[in-house]
Amino acid sequence: MKEPEVRSRAFAMPLTSPAFPPGPYRFVNREFFVVTYRTDLDALRAVVPEPLEVFQPIVKFEFIRMPDSTGFGDYTESGQVIPVRFGGWEGAYVHAMYLNDHPPIAGGRELWGFPKKLASPALGVRKDTLLGVLKYGPVTVAVATMGYKHRTLPHEKIAQALAAPNFLLKIIPHVDGRPRICELVRYWCEDITVKGAWEGPAALELFHHALAPVAALPVREVISGTHVLSDLTLGLGTVVHDYLASREPLREPEPVQRRGMWGNGSNAVPSSPKRRST
């Protein structure tokens, strides 16, 4: 394969069979279950990066069912979103996401910088209850419940909330482990159609896990539960802050001298010793 062809085909990895296709990424019958809760302000400030500003001790724990998404297929997602301010905008910082499908994990991380990890979220209706469960491996780390469709919400208000800006911290390392990309990304959801919106009594339990630390933002008070059915397009992002802009350009590191098998600081095989004349 010639270099021009490599450049023309270099959209995503692997080169000859990308993990996800180019967008746009349209979601049909995308279902949200969001529990809004009060947490500790200091805990939020410890995880939200500047120049984003935390202005209230609020977290939105989301379960999202996506049965029909362009290129990504049928999957479920769960995570934590934090209300923030940036440059006069009020929006949301996506803090953590857990899902069960590889293409949106790869695409989300590589394109936008979504903080996605492989897990097992589930969202469904059990009798009179909307139920969301997140498992990391065999361990349950979050359980959310809500009374099913107790009260209807205005669609205009929900559409406005879905259209607010969202922020991500995109991190891609260099091949030697140093940061190559470290950017604050802003994106919007577009072409939004709200098909239904409801609220009801809600509850949320979070459990500690070393690799899925959702309980690091503890539940102090549940404020509301919201259930939404919608169609929307996930817009591509723009970089609004480059954390490495003031850093010196990356230079090749100095060669690392490794201690070889001969104990002389080199992996080279030593030359044969000279014979003494007799």
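Predicted model: local features only at pLDDT ≥ 70, side-chain atom pairs only at ≥ 80, totals over all residues.
At 57% relative accessibility, Asp191 counts as exposed, where exposed means over 50% relative accessible area, buried under 20%, and partly exposed in between, with a 1.4 Å probe and protein chains only. Asp191 has a positive phi of about 50° although it is not a glycine, and Asp191 belongs to strand S12. Strands here are DSSP runs of E with at least two residues, helices are runs of H or I with at least four, and both are numbered from the N terminus.

Residues are numbered from 1 along each chain as its sequence is written, and side-chain values use heavy atoms, with hydrogens and water left out.

Let me turn to the overall fold. The protein chain has four helices and 15 strands. Of its 278 residues, 41% count as buried. Taking contact to mean heavy atoms within 4.5 Å, residues 24 or more positions apart account for 65% of the contacts with a separation of 6 or more.

Next, the backbone. A second residue with positive phi that is not a glycine is Lys127, at about 60°. Lys127 sits in the loop between strand S6 (120-126) and S7, and is exposed, with a relative accessible area of 81%. Just after H3, Gly113 also takes a positive phi, of about 100°. Which peptide bond has omega near 10°? That bond runs from Gly23 to Pro24 and is cis; Pro24 lies in the loop between helix H1 (3-9) and S1. Glu50 and Pro51 are likewise joined by a cis peptide bond, with omega about 5°, and Pro51 is found in the loop between H2 and S2.

I come now to the interior. In soluble globular proteins, nonpolar side chains tend to be buried together. A nonpolar core is a set of buried Ala, Val, Leu, Ile, Met, Phe, Trp, Tyr and Cys residues joined through side-chain atoms within 4.5 Å. The largest such core has 34 residues, of which Phe33, Leu52, Phe61, Tyr98, Leu134 and Leu206 touch the most other members. Elements that each supply at least two residues of this core include S1, helix H2 (41-47), strand S7 (129-136) and strand S13 (202-206). Strand S8 gives the most, with four residues. Another core, of 30 residues, lies apart from it, and has Ile64, Tyr75, Ala106 and Trp112 among its members.

Leaving out residues up to four places away in sequence, Leu52 touches Val84, Arg85, Phe86, Tyr93, Phe167 and Leu184. Thr226, in strand S14, is buried at 18% relative accessibility; beyond its neighbours within four places in sequence, its contacts are Phe32, Phe33, Val34, Met146, Leu153, Ile158 and Trp198. Ala43, in helix H2, is buried at 19% and, with the neighbours within four places set aside, contacts Ala216 and Leu217.

As for cysteines, Cys182 is buried at 15% relative accessible area and Cys189 at 13%. How many disulfides does a search of the whole structure find? It finds zero, a disulfide being a pair of cysteine sulfur atoms within 2.5 Å.

Finally, the pockets. On a 1 Å grid over the protein atoms alone, a pocket is an open set of points where a 1.4 Å probe fits, with protein on both sides within 12 Å along at least five of seven lines, and lining residues have an atom within 4 Å of a point. Volume is the space filled by probe spheres set on the points, which are joined across faces, edges and corners.

The largest pocket holds about 1100 Å³ of space. Its lining comprises 49 residues, with Lys60, Glu62, Ala92, Ala161 and Leu162 nearest its centre. S3 provides the largest share of that lining, seven residues. By class, the lining has 29 nonpolar, twelve polar and eight charged residues; Ala, Val, Leu, Ile, Met, Phe, Trp, Tyr, Cys and Pro count as nonpolar, Asp, Glu, Lys and Arg as charged, and the others, Gly among them, as polar.

The second largest pocket has a volume of about 380 Å³. Among its 14 lining residues, Arg109, Glu110, Phe114, Ile171 and Ile172 lie nearest the centre. Strand S10 gives the most to this lining, with four residues.
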